[in-house]
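Q: I am new to this structure. Please show me how to read some of its features.

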Amino acid sequence: MPRGSAFLPLTCAVAAAQIVPAATWLPSVRAAFPRLSGVGRSDHVALTFDDGPDPVSTPAILDLLRANDACATFFLVGERISRAPDVVQRIVDEGHEIGLHGWSHRYTFTSSPRIARCLTAITDVVGAAQPRPRWFRPPYGVLSATSALEAARHRLAPILWTTWAKDWRADATPESVQAHLEPGLVGGATLLLHDAGTTRAPMSWIATAGALPALLRACADRGLRVGPLREHGVG
Ligand SMILES: [Zn+2]
């Protein structure tokens, strides 16, 4: 018997433990886990933004939300907090909710999302008095066993989305954002948008901002309340 074969089942188990949760970004897998997908109350839509804070784009999104009297959950990238601490403070001051998106925007198959460091960075800016973050959304929606365990240790619930806007793409427009959201604009939905562009598409947030007023109107027209995840009644 080859020397390493005794360890093969364990190796496979560890690999499966990593890969199966990681497949959660797939729509078919997410559908099997409604709580993880953020399925909430039937009269409510959770509005969530990833990848901020950004000193330019996040305030623009906040302006639109304020103008439309809407609140959302912002999943912050820890290492970006120091670039826009005043924006993080504004998120809290204006009644929005903070979630964690990991310290850096990387896959965390085997590495740590460094949740403790994220929590410290948030507390350093807005103080411990703000409601303690409750949610962790892994970058790219890839929930590895490593990051799931770390989230649990910090009493954070992993949460993904039911419907995405694909607003990170360089060719995104307000119309494309609306078109991607439209089929999933139903009660209980958790919508994924982005308040900051990516390296490849730094201005993609303009499409997000352009779509936001119409999105909020569409929800109102359907009798759906829009708000942060804390009001969504997940699970
Ligand atoms: Zn992201």
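Q: How many aromatic pairs does a search of the whole structure find?
A: A pair of aromatic rings is described by the distance of the centres and the angle of the planes. Rings of Phe, Tyr and Trp (its six-membered ring) pair if their centres lie within 6.5 Å; planes under 30 degrees apart count as stacked, over 60 as edge-to-face and the rest as tilted. Searching the whole structure gives 4 aromatic pairs. In one of them, Tyr107 and Tyr140 have ring centres 4.3 Å apart and planes at 25°, so they are stacked. The model is predicted: local features need pLDDT of at least 70, side-chain atom pairs count only at pLDDT 80 or more, and totals for chains, interfaces and linings use all residues. Residues are numbered from 1 along each chain as its sequence is written, and side-chain values use heavy atoms, without hydrogens and water.

Q: Is Trp161 buried or exposed?
A: Buried means under 20% relative accessible area, exposed over 50%, partly exposed in between (1.4 Å probe, protein chains only). Trp161 has 3%, so Trp161 is buried. Trp164 has 24% and is partly exposed. Ring pairs join Trp161, Trp164 and Trp168 in a cluster.

Q: Which protein donors does the zinc ion have?
A: Donors are N, O and S atoms within 2.8 Å of the metal (3.2 Å for Na, K and Ca); water is not among the atoms, so sites may look incomplete. Here the protein donors are Asp51 (OD), His101 (NE2) and His105 (NE2), 2.0 to 2.2 Å from the zinc ion. Their spacing along the chain is D-x49-H-x3-H. Both His101 and His105 are buried.
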